[in-house]
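Colleague: I'd like to learn how to read the inside of a model like this one. Could you walk me through it?

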Amino acid sequence: MRQPKEMRRVYSEFLAEVGQENSKIAAVEADLSSSMSTNNLKATIGDRYINVGIMEQEMIGVAAGLSLMGYKPYVHTFGPFASRRVYDQVFLSLNYAQLNATVVGSDADVTAEMNGGTHMPFEELGLMRLIPKATVYEVGDDIQFRTVLDQTLDSTGFNYIRTIRKAPTCAIYECGEDFSKGYCVLREGQDATIIASGIMVEQALLAADTLAEKGLSVQGAGY
């Protein structure tokens, strides 16, 4: 089985690659460049890399301004700060204004590890799904993350991507996987279906293995 790449590397390499090809790609950070491996983007895309410091609401305002000027901003901070802290700005300045922007919330859920409960958002997917016409993703591994990022290049409107920062414990998807339906059937089965997203896809497949040992045929689907 292939070794999955760190999710933060996927993000930084995506921005470096498309940022060199497209002069309208911009990256906006809130003082988490080293955490997300985007600290080398200044040398790659120049002034289109913007670190606003620990001012998340201002970061969304900057993204809105960039979008109004014809840029396609990619905005990153930790999950709770990409959702709860900036919810009004995202709702009005980006989505209500029908601007094009992608916000990436990293270290979601329990993957914040030693950062503690203040950095563990459990509800931000629910919050973002309440925003009319927003497109919300939760990615499970590096292949899915890169595929979703590529999809946002041609999309319009507001996107929110929930991800971990480091490498997932196992590779789930393969290159060329079709995510156009919004889900993938990872395992066929007749007795039951387990549906999961993000870090829980791996756990769902492990649960299917356990049930298979008990004679049950379980279908697994990842979102």
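Predicted model: local features only at pLDDT ≥ 70, side-chain atom pairs only at ≥ 80, totals over all residues.

Colleague: How much space lies in the largest cavity, and which residues line it?

Modeller: About 60 Å³. Its lining includes A108, D109, E138, R162 and I199. By class, that lining divides into four nonpolar, two polar and three charged residues.

Colleague: And what classes make up the lining of the second largest cavity?

Modeller: Seven nonpolar, two polar and no charged residues. This cavity holds about 30 Å³ of space, and L186, I194, L205 and A221 are among the residues lining it. β8, α8 and β9 each supply at least two lining residues.

Colleague: Those strands make me curious. How do I read a sheet?

Modeller: The general idea is that strands of a sheet pair through backbone hydrogen bonds, either parallel or antiparallel. Here, three strands form an open sheet in the order β7-β9-β8, with mixed pairing. β7 (184–187) and β8 (192–196) are at the edges with a single partner strand each, so one side of each has no neighbour in the sheet. From one strand to the next, the twist averages 30°.

Colleague: In which sense do β7 and β9 pair?

Modeller: Antiparallel, over three bridges. V185 stands opposite A221 in β9. Helix α8 (residues 200–213) lies across β7, β8 and β9, at about 160° to β8.

Terms used: Residues numbered from 1 in each chain as written. Heavy atoms only, no water. Pairing = 2+ DSSP bridges. Helix = DSSP H or I, 4+ residues; strand = E, 2+ residues; numbered from the N terminus. Axes fitted to C-alpha atoms, helices over the stretch in contact; angles between N-to-C directions. Contact = heavy atoms within 4.5 Å. 1 Å grid on protein atoms, 1.4 Å probe; cavity = no way out; pocket = protein on both sides within 12 Å on 5 of 7 lines; lining within 4 Å. Points joined across faces, edges and corners; volume = space filled by probe spheres on them. Nonpolar A, V, L, I, M, F, W, Y, C, P; charged D, E, K, R; others polar.
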